[in-house]
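Me: Please go through this structure with me, taking the strands and the ligand site in turn.

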Amino acid sequence: MGFEGFIAEARRLLGDRVYVEGDIIDRYSRDWWPLAILLEKMGLWGFRAKAVLFPESVEEVSGLVRLAGEHGVCIIPYGGGSSVTGATSPREGCVILSLSRLNRILEFSEEDLIVTVEAGALLREVELWLNERGYTLRYTPQSFDLASVGGSIATGGVGQYTTGYGGIEDVVVNLEVVLPTGEVVWARSVTTPRSAMGPDIKSLFIASEGSLGIITKATLRVIPRPEYVLKGAFELPSFQLGLRVVRELLLRGFKPAIARVSDDREALLRFDRSRPVLLLSYEGWDSDLVSLLWSRTARLVESMGGVYVGEELFDRWLDQRFKYLDEMKLLDSLNLWFETIDIATTWSKAYKAYTGVREGLERLGNVVVMCHASHFYLTGVALYFTIVYEKNPELYWRIVDTALEQAVRAGATLSHHHGIGLLRAKWVDVDPGQSRVVLERVKKALDPRGVLKPIW
Ligand SMILES: Cc1cc2nc3c(=O)[nH]c(=O)nc-3n(C[C@H](O)[C@H](O)[C@H](O)COP(=O)(O)OP(=O)(O)OC[C@H]3O[C@@H](n4cnc5c(N)ncnc54)[C@H](O)[C@@H]3O)c2cc1C
């Protein structure tokens with residue numbers, strides 16, 4: 001029984017793919033939560049992985065989960081480690097199980113437009129493999145180079161094409177999961193676009209953050225790569241108008257592949273423009289149709305007060321969109337740090353949420369707040385705030401609390417895609433609110449011994 005017994009048996013199963021010391025432990029002791037990175041730089045990050053395990057097959061994952069149950073050890077699944085909420089942070093009594101060696105692409109059907117991959121495969125690898133064959137997932141979060149398929153599903157992520165193609169829930173068709181008992185199940189015994197044979201079990205694991213099961217395989221829908229793309233930028237009199245413009249586009253059925261509205265502060269810092277900026281792109285397989293969509297869209301945006309400023313700003317965003325490391329280095333050199341807050345709300349509350357969070361944060365002093373909206377739905381929008389502040393862990397929690405309090409006041413969800421993690425654990429009474437008991441009971445039923453990481 002206990003940790004030592006678990007490690008001894010894990011070694012019998014995995015051989016030398018079990019680590020209890022060395023660089024690997026350092027690497028897996030935090031994820032990309034900005035606070036964790038800051039505290040680590042300051043020598044204050046207190047979490048340390050006790051062990052890191054590298055299974056190579058679903059049988060090994062299942063075997064480890066069974067052993068963990070027998071020895072009273074808890075397991076934290078780890079994909080790409082790009083969580084920005086501390087969701088993979090080591091917890092008392094837990095070991096880290098890396099999915100990185102379950103990274104194979106298993107099956108691809110051009111006719112059915114589905115690909116089945118192991119959950120540790122990085123999004124980038126799957127996308128490049130598909131691109132070579134003329135297909136795409138159209139799922140590219142900014143963490144494209146870091147995030148795994150399983151981690152993206154377990155977080156409930158979104159990519160830069162959400163407005164056109166939906167979030168990860170629209171990409172996932174079926175899932176294989178190792179339950180906390182070690183049993184291996186597929187969410188559906190057959191892979192079909194939809195089924196009414198009982199509730200949609202795969203939804204239980206989307207955004208479950210590794211607490212209900214370990215995703216080991218995923219079947220994902222693909223699309224042929226669009227052949228025609230038209231893109232451009234508009235300057236706008238206000239952020240509010242930008243939100244209204246995209247709402248209007250969606251209502252008329254002019255659904256862009258990408259839509260992104262930057263407020264005045266972000267427009268200044270990212271695009272050297274003094275007014276808010278709207279980026280749009282349309283794509284498809286019929287050039288006439290794409291051109292028609294673009295021209296109707298441009299006419300509508302201009303009729304609402306937007307001014308077309310060409311493609312250059314869109315191209316600049318495309319070029320910069322994965323260069324977050326440069327920005328982090330720059331902030332670090334200036335003794336500054338950052339946090340990002342991703343909320344979502346309905347149209348009637350969106351502007352109130354925007355002003356509430358921005359003004360609430362600005363009242364704290366010593367912070368710069370910028371915002372963009374880049375995930376649009378028929379009924380509402382996500383707002384993404386980037387907050388730059390002087391490196392100070394105390395100020396950090398005031399920033400987070402203020403932003404989330406304002407979001408609650410405005411009737412927003414407290415995370416659109418980053419998830420709960422350690423960052424939002426204390427907010428679950430508010431959001432999801434009452435239904436947290438349902439999740440807690442599901443957790444208890446599936447995982448009575450607490451073999452997988454706690455639900456909050
Ligand atoms: C620079 C940067 C940009 C980002 N941009 C975006 C963005 O555009 N959109 C977005 O949605 N997110 C973004 N994120 C956040 C992060 O990338 C996503 O949350 C991503 O989905 C996490 O995937 P991962 O494989 O790194 O998961 P990890 O960080 O490894 O894990 C995240 C959570 O999922 C669990 N988990 C991991 N793998 C599995 C599995 N196989 N089975 C069960 N549970 C598992 C973990 O226990 C943890 O709770 C960004 C992060 C960074 C650092």
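**Sheet and ligand shell**

Reply: Strands β13 (residues 258–262) and β17 (residues 367–377) run antiparallel and are joined by two bridges. Strands are DSSP runs of E with at least two residues, helices are runs of H or I with at least four, and both are numbered from the N terminus; two strands pair if DSSP finds at least two bridges between them. This is a predicted model, in which local features need pLDDT of at least 70 and side-chain atom pairs count only at pLDDT 80 or more, while totals for chains, interfaces and linings use all residues. Residues are numbered from 1 along each chain as its sequence is written.

Me: Which residue of β17 stands opposite Ser-262?

Reply: Strands β13 and β17 run antiparallel. Opposite Ser-262 stands a residue of β17, His-372.

Me: Which are the edge strands of the open sheet?

Reply: Seven strands form the open sheet, with antiparallel pairing, in the order β15-β12-β14-β13-β17-β18-β16. Two of them pair on one side only, and these edge strands are β15 (307–310) and β16 (336–346).

Me: Which element gives the most residues to the shell around the ligand?

Reply: There are 35 residues around the ligand (C-beta atom, placed from the backbone, within 6 Å), and Gly-79, Gly-150, Gly-151, Gly-157 and Gly-210 come nearest. The elements that give two or more residues are β3 (74–78), α6 (149–155) and β10 (214–221). With five residues, the element that gives the most is α6.
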